[in-house]
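I am opening a notebook on a structure I have not looked at before. My entries follow the order in which I looked things up.

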Amino acid sequence: MKKNKATTRQNAIIEMLKTKEMILIDEFCDTFSCSASTIRNDLNLLADQGALTRIFGGAKRNSFDLAGKAAVSTSDKDFEIASYVVKHLIAPQSTIILDYGSPCVEIARLLAKENRTISVLTFSLPIMEILSKAPAVNLYSFGGAYDAKRQAFYDDYLKAHSNYLHADLFFMIANSVNPDAGFTVPCPDFPITERTLMEIATKTIALCDSANLTKSNYRIISDFTEISTMVSDSYADPDAVMRLRQAGLDVLIADRVSDEL
């Protein structure tokens with residue numbers, strides 16, 4: 001009887017995800033009147049079967065590639081990286097800089113959910129909107145002219161203003177990282193902004209989607225002497241990771257996404 005009840009609930013979970021792309025554990029608990037641990041067990045089992053994708057605090061409907069296999073979305077990787085960062089790298093009451101980009105937006109969501117006591121400096125509009133609703137977070141905006149494509153504010157005054165700012169960690173989005181070239185970008189203005197933020201922070205940690213490992217572009221941000229640590233997702237190619245580590249980069253690989261922080 002217990003087995004039949006669990007199977008019925010798991011089938012219903014799959015049906016719910018056909019109507020919504022993402023559902024959190026709290027919503028499943030309310031729907032089925034059961035505990036969070038029961039739902040976690042259901043979601044983990046269904047994820048192992050390939051029926052859904054686990055994300056922080058819930059589950060996502062699977063997307064599929066042309067071969068009919070479950071595709072790994074960028075958002076899944078963002079959740080992995082963000083969950084690892086919040087769990088392992090951000091100390092309570094520290095001051096951090098969050099770059100623009102989806103992994104940093106997910107970090108902001110997790111910090112807001114925890115309402116962690118922390119100071120955050122950023123020029124990302126989505127991050128400002130998220131953290132402005134978290135009373136325990138001390139939020140600072142760099143300001144400047146708004147770039148709609150990046151959803152972030154930029155201005156050339158940042159370099160002069162940086163003399164009055166300090167952060168413990170700068171979480172920098174890495175568009176490409178290569179054992180020979182280091183961290184590079186295709187944007188001519190970006191190295192100036194990123195290097196200014198690196199000077200404000202005691203340490204810079206790069207965040208890089210596994211799809212961008214060993215890629216390179218024409219504008220250099222830094223080699224591995226200035227940025228010596230990077231976090232990537234669990235789908236990273238082992239050979240690419242080994243090459244980066246041999247070049248002197250400390251590559252931290254996030255665990256598969258779970259809701260246990």
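Entry 1, a helix residue. I began with Asp42, and leaving aside its neighbours within four places in sequence, I found it in contact with Arg9, Gln10 and Ile13. The model I am reading is a predicted one. I placed Asp42 in helix α3, which covers residues 36–48. Is Asp42 buried or exposed? I read a relative accessible area of 3% for Asp42, and the cut-off for buried is under 20%, so I noted Asp42 as buried.

I looked up Asp76 and found it in helix α4, residues 74–88. The relative accessible area of Asp76 is 6%, and I wrote it down as buried. I then checked its distance to Pro103, which is 27 residues apart from Asp76 along the chain. The C-alpha atoms of Asp76 and Pro103 are separated by 9.9 Å.

I traced an open sheet of seven strands with parallel pairing. Going across, I wrote the order as β8-β7-β6-β11-β14-β16-β17. Which strands stand at the edges? They are β8 (137–141) and β17 (250–253). Each of these has a single partner strand, so one side of each is left without a neighbour in the sheet. From one strand to the next, I noted a twist that averages 25 degrees.

I went through β6, residues 95–98, and asked where its residues point. Thr95 and Ile97 point one way, while Ile96 and Leu98 point the other way. I noted all of them as buried. I found β6 joined by four bridges to β7, residues 118–122, and the two run parallel. Across this pairing, Ile97 stands opposite Leu121 in β7.

I looked at β16, residues 229–232, and found four bridges joining it to β17. These two strands run parallel. I picked out Ser232, which stands opposite Ile253 in β17. What lies across β16 and β17? I found helix α9, residues 238–246, there, and I noted that it runs at about 145 degrees to β17.

I found an open sheet of three strands in the order β12-β13-β15, and its pairing is antiparallel. Its edges are β12 (176–178) and β15 (219–222). Each edge strand has a single partner, so one side of each is left without a neighbour in the sheet. I noted that neighbouring strands of this sheet are turned by 40 degrees against each other on average, direction ignored. Three bridges join β13, residues 182–185, to β15, and the two run antiparallel. In this pairing I marked Val185, which stands opposite Arg219 in β15. I also saw that α8 packs on the sheet, where it touches β13 and β15. The direction of α8 makes about 5 degrees with that of β15.

Entry 7, the cavity. Rolling a probe the size of a water molecule over the atoms shows where empty space is left. How many cavities of 30 Å³ or more are there? I counted one. The largest cavity has a volume of about 60 Å³. I listed its lining as Phe123, Phe142, Gly143, Phe153, Tyr154, Asp155, Tyr157, Leu158 and Thr193. By class, I sorted the lining into six nonpolar, two polar and one charged residues.

I followed Thr193, which is part of the lining of the largest cavity, to helix α8, residues 190–200. Thr193 has a relative accessible area of 13%, and I noted it as buried. Not counting residues up to four places away in sequence, Thr193 touches Phe123, Tyr154 and Leu158.

I turned to the second largest pocket and read about 180 Å³ of space in it. β1 (22–24) and α5 (102–114) are the elements that give two or more residues to its lining. I noted that α5 gives the most, with four residues. The lining includes Met22, Leu24, Phe79, Glu106 and Lys113. Its residues divide into six nonpolar, no polar and four charged.

Notes: Residues are numbered from 1 along each chain as its sequence is written. This is a predicted model: local features need pLDDT of at least 70, side-chain atom pairs count only at pLDDT 80 or more; totals for chains, interfaces and linings use all residues. Side-chain values use heavy atoms; hydrogens and water are left out. On a 1 Å grid over the protein atoms alone, a cavity is a set of points where a 1.4 Å probe fits but cannot get out, and a pocket is an open set with protein on both sides within 12 Å along at least five of seven lines; lining residues have an atom within 4 Å of a point. Grid points are joined across faces, edges and corners, and a volume is the space filled by probe spheres set on the points. Ala, Val, Leu, Ile, Met, Phe, Trp, Tyr, Cys and Pro count as nonpolar, Asp, Glu, Lys and Arg as charged, and the others, Gly among them, as polar. Buried means under 20% relative accessible area, exposed over 50%, partly exposed in between (1.4 Å probe, protein chains only). Two strands pair if DSSP finds at least two bridges between them. Axes are lines fitted to C-alpha atoms, for helices over the stretch in contact, and angles run from 0 to 180 degrees between N-to-C directions. Contact means heavy atoms within 4.5 Å.
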